[in-house]
Amino acid sequence: MPIGNTDQHYGTITKTFHWLTALIIITIIPLGLIANRLPYENDAQLALKAQLFSYHKTLGVLIFAVALLRIIWAITQPKPGNLHPERRLETWLAELVHWLLYISLVAVPLTGWIHHAATTGFAPILLPIGQSLPLVPKSESVAELFGSLHWIWSKIMVGSVLLHIAGALKHHFIDKDTTLPRMWFGRAATPEVPPHHNHLVAPLMALGIFGLATAGGAATGIFDEHDSAAAPSLEAVASDWTVTEGAIEISVIQLGSEVTGQFDEWTASITFDPDATGVMGNVNTTIAVQSLQLGSVSGQAMEADFFDVATFPTAEFSADITQDGEAYLATGTLSIKGTEVPVTLHFNLTLEGGTAQMDGALTLDRRDFSIGESMADESSVAFPVEVSINVTATRANP
């Protein structure tokens, strides 16, 4: 059996690519469907869900590589002619389905890979290639865009696969021709057929279907951002020092990987006299919990077992400011999920005229706030949560 194609027969390499692709597809699609539907209410469920998603993503990268190699190989090879060239409509539909498959085998895993690279933490790819991609930022909006494209285009892939299988079964059991044996290993006895001729109509129509599906998704609002827009709007607060820029970031270890995020909406009322002794001022901060951007686990973080944002939409930190040598302390209470815990934030402070720049960090234990109670050990989510704060503020009356 020849390695390459001829005008009448497929070669060994083409057949290998075909059946390897088929094997991965019939594995990856059920994996994705099952993983999406699995609950994650405790450690065991989350670990299983993450494991299946890791398998799904890993196979996605593999099928992307196989698809590229298959396309490169196909470009260099003749394509055997159609067994039924007289059936023009059927032949054209088969060509269209093939082009839908070719495009989806590249587009679907690539959008899934970009979605993964744009977020952090959950369900790593099980290959030594890293979890990021060049030119793809860690961005919730980028992740949401490509996650939506992945969802839409995967439906085209599934439909194309089903049509492809239905066509193969129709040829084998109804037409009783050699369409299926010609793609299996060995030399099938096939009638002489005219050479295959490429036409642009089928690939252009396939691209049009992808475009229409994408436009349909946009019309239904699938690409609309659903993150911080749903967070409650906090009222402005009076403050002797006005925050001009700043960030409240958190970092947690989930399933062995670091997941980082930040709260997009918060207010701070600050009084501070750098010349005072003892208590130099105080700070009262209110955080809109639902504004938290935490990659692919943002939604999970809002649920009742974690922040329970439906019941406790805000977190609050109130503290007195004192000096400790060259460093400063904000000593007070942090209220999350209705639980108040005494905390001390160590921070550095730089004063230049009427502008102050501070950066500080502290470590919290999620168990102190009844967060993730169903995950009683650290196999899924670690107990420590690292918090870092960076603020620039200007004094109202310097």
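A crossing of two helices is called left-handed if the near helix is turned anticlockwise from the far one by less than a right angle, and right-handed if clockwise. This is a predicted model, in which local features need pLDDT of at least 70, side-chain atom pairs count only at pLDDT 80 or more, and totals for chains, interfaces and linings use all residues. Residues are numbered from 1 along each chain as its sequence is written, and side-chain values use heavy atoms, with hydrogens and water left out.

**View 1. Helix α3 meets helix α6 in a right-handed crossing.** Helices here are DSSP runs (H or I, at least four residues), numbered from the N terminus. The axes of α3 and α6 (residues 201-219) come within 8 Å and cross at roughly 55°. Each axis is a line fitted to C-alpha atoms over the stretch in contact, and angles run from 0 to 180 degrees between N-to-C directions. The pair therefore counts as oblique; angles under 35 degrees are roughly parallel, over 145 roughly antiparallel, 65 to 115 roughly perpendicular, and the rest oblique. Look for Trp92, Trp99 and Ile103 among the α3 residues that meet α6, whose side includes Met205 and Phe210; contact means heavy atoms within 4.5 Å. Ala, Val, Leu, Ile, Met, Phe, Trp, Tyr, Cys and Pro count as nonpolar, Asp, Glu, Lys and Arg as charged, and the others, Gly among them, as polar.

**View 2. Helix α3 bends at Ser104.** The bend is about 30°, taken as the angle between axes fitted to the seven residues ending there and the seven starting there. With 31 residues, α3 reaches 44 Å from its first C-alpha to its last, close to the 45 Å expected; the expected span is 1.5 Å times one less than the number of residues.

**View 3. Helices α2 and α3 cross in a left-handed way.** The axes of α2 (residues 43-75) and α3 (residues 88-118) come within 9 Å and cross at roughly 140°, so α2 is oblique to α3. Residues making the contact include Phe64 and Arg70 of α2, together with Tyr102 and Trp113 of α3. The classes here are 12 nonpolar, two polar and two charged residues.

**View 4. Helices α3 and α4 pack with their axes 7 Å apart.** Their angle is about 150°, which means that α3 is roughly antiparallel to α4 (residues 140-175). The crossing is left-handed, and the contact residues divide into 17 nonpolar, 11 polar and three charged.

**View 5. Val142 sits in helix α4.** Not counting residues up to four places away in sequence, Val142 touches Ile114, Ala118 and Pro137.

Conventions:
Helix = DSSP H or I, 4+ residues; strand = E, 2+ residues; numbered from the N terminus.
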